[in-house]
Amino acid sequence: MEFQFNCPLCNGLISVRETCPECGSLMEDWGRVQDYLDPYHPYLDMNTTAPGEQREKKCVHLFKCPQCGRDTRLVVNQVIAP
Ligand SMILES: [Zn+2]
Ligand SMILES: [Zn+2]
């Protein structure tokens, strides 16, 4: 039996308000980094264990500041779908 993991942010269960560290503007959620980058991009190895495991249980979102263009990434822990 396999569990299905879902990202609560992708599914609209939570909302995140990130403010820009540069200018303090509210940053926009550009969606999952996985949608922009190759899944095996080295970035995904940066802050945890095996890339495969991380891809299963975490969702990395890209936030971008509309004012100054700074971007940041937010790691969201996925939850087991009902
Ligand atoms: Zn997500
Ligand atoms: Zn900014």
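The legends below describe close-up views of a predicted model.

In this predicted model, local features need pLDDT of at least 70 and side-chain atom pairs count only at pLDDT 80 or more, while totals for chains, interfaces and linings use all residues. Residues are numbered from 1 along each chain as its sequence is written, and side-chain values use heavy atoms, with hydrogens and water left out.

**View 1. The salt bridge between Arg 70 and Glu 22.** The structure holds one salt bridge, a term that requires a side-chain nitrogen of Lys or Arg within 4 Å of a carboxyl oxygen of Asp or Glu. Its closest N and O atoms, from Arg 70 and Glu 22, lie 2.5 Å apart. The pair links distant parts of the chain, 48 residues apart, with Arg 70 in the loop between β3 (58-64) and β4 (71-77) and Glu 22 in the loop between β1 (5-6) and β2 (28-32); strands here are DSSP runs of E of at least two residues, numbered from the N terminus.

**View 2. Accessibility of Arg 70 and Glu 22.** Arg 70 counts as partly exposed at 36% relative accessibility, whereas Glu 22, at 53%, is exposed. Exposed means over 50% relative accessible area, buried under 20% and partly exposed in between, with a 1.4 Å probe and protein chains only.

**View 3. The open sheet β2-β3-β4.** Three strands form this open sheet with antiparallel pairing, where two strands pair if DSSP finds at least two bridges between them. Because β2 and β4 stand at the edges with a single partner strand each, one side of each is left without a neighbour in the sheet.

**View 4. The pairing of β3 with β4.** These strands pair in the antiparallel sense over seven bridges, and Lys 64 stands opposite Asp 71 in β4.

Technical notes. Chains lettered and ligands numbered in written order. Helix = DSSP H or I, 4+ residues; strand = E, 2+ residues; numbered from the N terminus.
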